[in-house]
Amino acid sequence: MSGSLRLSDAQRSQQHVHGRPGGEGRTGNDERLETAAGILALLADRTRLALMQRLSEGEADVTTLTEACGAARPSVSQHLGKLRLAGLVSTRKDGRRVVYALRHGHLRRLVDEALNVADHQLGGLPPHD
């Protein structure tokens, strides 16, 4: 997935001012939009969104994440691999366990806002800012 490569490239370029990587011109904006679309495409999967929702509460290992999202362990591991390769989650070893965490608060807020929009649509709530 080319979006994954772009996400990793964007992650390495630690030039970050309120979510805007370095380039000001049209090319920089195109790359920014493509990277954002790649992130949203990764989150457009129910299992990955459930994993990100659980990780927004704090670190967790694969067993905890499997219980939280209700998917089979091999599926959860594959989804976590995609999220890790895209730079959306980080890992650390705790003995024999691998513990996953969100890379930064922007992702937590993105997931929270997506779920808030869903709550509004499902509950017939009026829009607001």
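What covers the buried residues of helix 5? The cover includes helix 3, helix 4, strand 2 (89-94) and strand 3. The legends below return to this helix after an overview.

**Figure 1. Overview of the predicted model.** This is a predicted model, in which local features need pLDDT of at least 70 and side-chain atom pairs count only at pLDDT 80 or more, while totals for chains, interfaces and linings use all residues. Residues are numbered from 1 along each chain as its sequence is written, and side-chain values use heavy atoms, with hydrogens and water left out. The protein has 6 helices and 3 strands; helices (H or I, at least four residues) and strands (E, at least two) are DSSP runs, numbered from the N terminus. Along the sequence, the pattern reads α-α-α-β-α-α-β-β-α. Of the 129 residues in the protein, 32% are buried; buried means under 20% relative accessible area, exposed over 50%, and partly exposed in between (1.4 Å probe, protein chains only). The accessible surface comes to about 8600 Å², and carbon and sulfur atoms account for 51% of this surface. Accessible areas come from the Shrake-Rupley method with a 1.4 Å probe; for residues, only the protein chains shown count as cover. A contact means heavy atoms within 4.5 Å. Among contacts between residues at least 6 apart in sequence, 54% join residues at least 24 apart.

**Figure 2. Confidence along the chain.** The average pLDDT of the protein is 86, and 80% of the residues score at least 70; pLDDT is the predictor's confidence in each residue, from 0 to 100. Residues 1-5 have a pLDDT below 50, and this stretch has 4 contacts in the model beyond near neighbours in sequence. Residues 10-19 also have a pLDDT below 50, with 9 contacts beyond near neighbours in sequence. Where pLDDT is low, the predicted coordinates should not be read in detail.

**Figure 3. The largest nonpolar core.** This core has 22 residues, and those with the most contacts inside it are M52, L65, V76 and L88. A nonpolar core is a set of buried Ala, Val, Leu, Ile, Met, Phe, Trp, Tyr and Cys residues joined through side-chain atoms within 4.5 Å. At least two residues of the core come from each of helix 2 (26-43), helix 3 (46-55), helix 4 (62-69), helix 5 (73-85), strand 3 (97-102) and helix 6 (105-123). Helix 3 gives the most, with 4 residues. Leaving aside residues up to four places away in sequence, M52 touches L43, L83, L88, V89, L102, L107 and V111. In soluble globular proteins, nonpolar side chains tend to be buried together.

Figure 4. The 13 residues of helix 5 should span 18 Å at 1.5 Å a residue, and the end C-alpha atoms are 18 Å apart, which agrees. The expected span is 1.5 Å times one less than the number of residues in the helix. V76, H79, L80, G81 and L83 are the buried residues of helix 5. R84 also lies in helix 5 and is partly exposed, at 40% relative accessibility. Residues up to four places away in sequence aside, R84 touches V89 and T91. The C-alpha atoms of R84 and L102 are separated by 9.3 Å, and the two residues are 18 residues apart along the chain. Helix 5 is followed by G87, whose phi is positive, near 80°.

**Figure 5. Salt bridges around R97.** A salt bridge is a side-chain nitrogen of Lys or Arg within 4 Å of a carboxyl oxygen of Asp or Glu, and the count comes to 4 salt bridges. The side chains of D61 and R97 meet in one of them (2.8 Å, N to O). D61 lies in strand 1 (residues 60-61) and R97 in strand 3, so the pair ties together parts that are 36 residues apart in sequence. D94 also forms a salt bridge with R97, with the closest N and O atoms 2.6 Å apart. D61 is buried, at 10% relative accessibility, whereas R97 is partly exposed at 38% and D94 is partly exposed at 35%.

**Figure 6. The salt bridge between R54 and E57.** The side chains of R54 and E57 meet at 4.0 Å, N to O. R54 is buried, with a relative accessible area of 18%, whereas E57 is exposed, with a relative accessible area of 61%. Side chains of opposite charge can pair when their charged atoms come close.
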